[in-house]
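Colleague: Can you take me through the charged pairs and the greasy surface on this one? I have the sequence open.

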Amino acid sequence: EAVRIAAESAAKIQEMEAEAELQIAQMDGEALKALAQAELRSNKHLQKAREFELTNKQLDIYHQLAQNPDLVVSASEDEKTNLMMMADSVLKSEQGKDGDGSMLANLNMLRLASNAYGLRSDVYIPEGAAAAGAAGGETGGAGGE
């Protein structure tokens, strides 16, 4: 009789432990479902928050670039325009200084300006040649062409 009671008690204990484990597993599953639903609802808000944070970081970078005095920003893809802007920037930064950078920037600005007035960049006009050519009636062509 004692063996039967001990066996029934052990079986009952095992049954109760199995039911408890089943309830724990079911509750864990329900908790996971609830977390998944909460994350799904919050993802939209989190995504907007992340986009806002990214936009703020981009604006901070743009602000830092705008504060950099050595930076020249151009939306133009025209090489001559960009060269002129760079030369102008160098001239402003080198104002009152004698140096290679200032001299090169001045030369580049003069070259670009002469191109704008129709002079080719490969034409060299020595000082005084234009006045002498005008006085002598030369048109710039070579003999009868």
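Colleague: How many salt bridges does a search of the whole structure find?

Modeller: Three, for the whole structure. Bear in mind that this is a predicted model.

Colleague: Remind me, why would side chains pair up like that?

Modeller: Side chains of opposite charge can pair when their charged atoms come close.

Colleague: Fine. Which side chain meets E1 in a salt bridge?

Modeller: That is R4, with 2.7 Å from N to O. R4 also forms a salt bridge with E8, where the closest N and O atoms are 3.0 Å apart. E1, R4 and E8 are therefore linked in a network of salt bridges, given that a bridge needs a Lys or Arg nitrogen within 4 Å of a carboxyl oxygen.

Colleague: Where do E8 and R4 lie?

Modeller: Both are in helix α1, four residues apart, which is about one turn of the helix.

Colleague: And E1, buried or exposed?

Modeller: E1 counts as exposed, because its relative accessibility is 65% and the cut-off for exposed is over 50%. R4 has a relative accessible area of 43%, so it is partly exposed. E8 is partly exposed too, at 47%.

Colleague: What does E53 form a salt bridge with?

Modeller: With K57, and the closest N and O atoms there are 3.6 Å apart. E53 and K57 both sit in helix α1, with a spacing of four residues, about one turn of the helix.

Colleague: How accessible are E53 and K57?

Modeller: E53 has a relative accessible area of 45%, which makes it partly exposed. K57 is at 48% and also counts as partly exposed.

Colleague: Changing topic. Which residues form the nonpolar patch on the surface?

Modeller: L59, I61, Y62, L65, L71 and V73. Together they have about 590 Å² of accessible area.

Colleague: Where is V73 found?

Modeller: V73 is in the loop between α1, residues 2-67, and α2, residues 79-93.

Colleague: Why does V73 count as exposed?

Modeller: Because its relative accessibility is 65%, and exposed means over 50%.

Conventions:
Residues are numbered from 1 along each chain as its sequence is written. This is a predicted model: local features need pLDDT of at least 70, side-chain atom pairs count only at pLDDT 80 or more; totals for chains, interfaces and linings use all residues. Side-chain values use heavy atoms; hydrogens and water are left out. Patches are made of residues with over 30% relative accessible area and no salt bridge: like charges are joined within 9 Å, nonpolar side chains (Val, Leu, Ile, Met, Phe, Trp, Tyr) within 5 Å. Accessible areas come from the Shrake-Rupley method with a 1.4 Å probe; for residues, only the protein chains shown count as cover. Helices (H or I, at least four residues) and strands (E, at least two) are DSSP runs, numbered from the N terminus. Buried means under 20% relative accessible area, exposed over 50%, partly exposed in between (1.4 Å probe, protein chains only).
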